[in-house]
Amino acid sequence: MSYAIVFSGQGMQHPDMLPWLANDETVHAMHQLLGIDDWRACVKDPVWAGCNANAQVLLTGLALAAWAQLAPCLPAPAAAAGYSVGELAAFSVAGVFDANTALELAHRRAALMDCAGESNSTGLMGVSGVTESLLGRLCEEFDLAVAIRNGIDSVVLGGLQVVLPLAVEAAQRQGAHALLLNVQVASHTRWMAAAAQGFAAHIAPLAFRAAGIPLFSDAAGRVAEPPQLKHALARQIDHAVRWDECMESIAGRRVACVIEIGPGRALARMWNGRYADTPARSVDEFRSVEAIARYVQKCMTAA
């Protein structure tokens, strides 16, 4: 048996994340693109860290640096997927494009999304413990849209910032757990239609390669060939991320474990809550590359 890798999205970045990560060529390229000297110092400022233009490049660069430093210690994964902007890292690891292209695409993606959001101040809220009927009422009353579906009762909603606090309060009054997210655009909703169109135009002439490992898209299921890959990357900008379906697809590969690459443990927690028989952990929990590799090897041997 093998293992699967999933790449984190925005919202969990913190200055102490990935304590084992060395400053390699990818980190240097990320620094240059962001115009900074020390990403850890910058992430201490929550305003800087929450800025869409910074976060998308930061997370893409760190994820790819982390994988580059971990990959020599492991066999190839059996599947890969990325959560929201994490999809750029997943596509790169699958061989669709190199790390520098992924960084440039993260930079362009963020700029297009910020531009699309200039006409309306939008954002995201997380809701769990929500019924379909309550979800429908929230979307109708506050003109919200489902941005990410993590499970039957766990979603991320996008909408105008002026109504999001009211929607959070309404959900909480109905017994749901709801909170505002530190994301400044309504990613994966209709408010990002112009960004999706602009991104599709940007990547149309680029030379994508076929995926070298099983790759699952947030918005299009399994993707492999360049036309599919380009369509999927653009579509997920203004269509809901179906992370529940990505998890189902990975579970179908019957892997020994799932490794989340990025800050925090959000994806690992979601996986463990749904597939208790197949363990998931985040690389953010470990202190060294060697410890991560030993864990994965142990899981594969025990399976």
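1. A residue counts as exposed when its relative accessible area is over 50%, and as buried when that area is under 20%. The model under review is predicted. In this model Glu 140 has a relative accessible area of 70%, so the residue is exposed. Glu 140 sits in helix H7, which covers residues 132-142.

2. From Met 125, Glu 140 is 15 residues away in sequence, and the C-alpha to C-alpha distance between the two is 15 Å.

3. On the sheet: four strands form an open sheet in the order E4-E5-E3-E6, and the pairing is antiparallel. Strand E4 (145-151) and strand E6 (177-180) are the edge strands, each pairing on one side only.

4. On one strand pair: five bridges join E4 to strand E5 (residues 154-160) in the antiparallel sense. In one of these pairings, Ala 145 has Gly 158 of E5 as its bridge partner.

5. On the cysteines: how many disulfides does the structure hold? The count is zero. A disulfide requires two cysteine sulfur atoms within 2.5 Å. For Cys 42 the closest cysteine sulfur, that of Cys 51, is 11 Å away, so the two are too far apart for a bond.

6. On cysteine burial: Cys 42 has a relative accessible area of 18% and is therefore buried. Cys 139 likewise counts as buried, because its relative accessibility is 18%.

Notes: Residues are numbered from 1 along each chain as its sequence is written. This is a predicted model: local features need pLDDT of at least 70, side-chain atom pairs count only at pLDDT 80 or more; totals for chains, interfaces and linings use all residues. Side-chain values use heavy atoms; hydrogens and water are left out. Two strands pair if DSSP finds at least two bridges between them. Helices (H or I, at least four residues) and strands (E, at least two) are DSSP runs, numbered from the N terminus. Buried means under 20% relative accessible area, exposed over 50%, partly exposed in between (1.4 Å probe, protein chains only).
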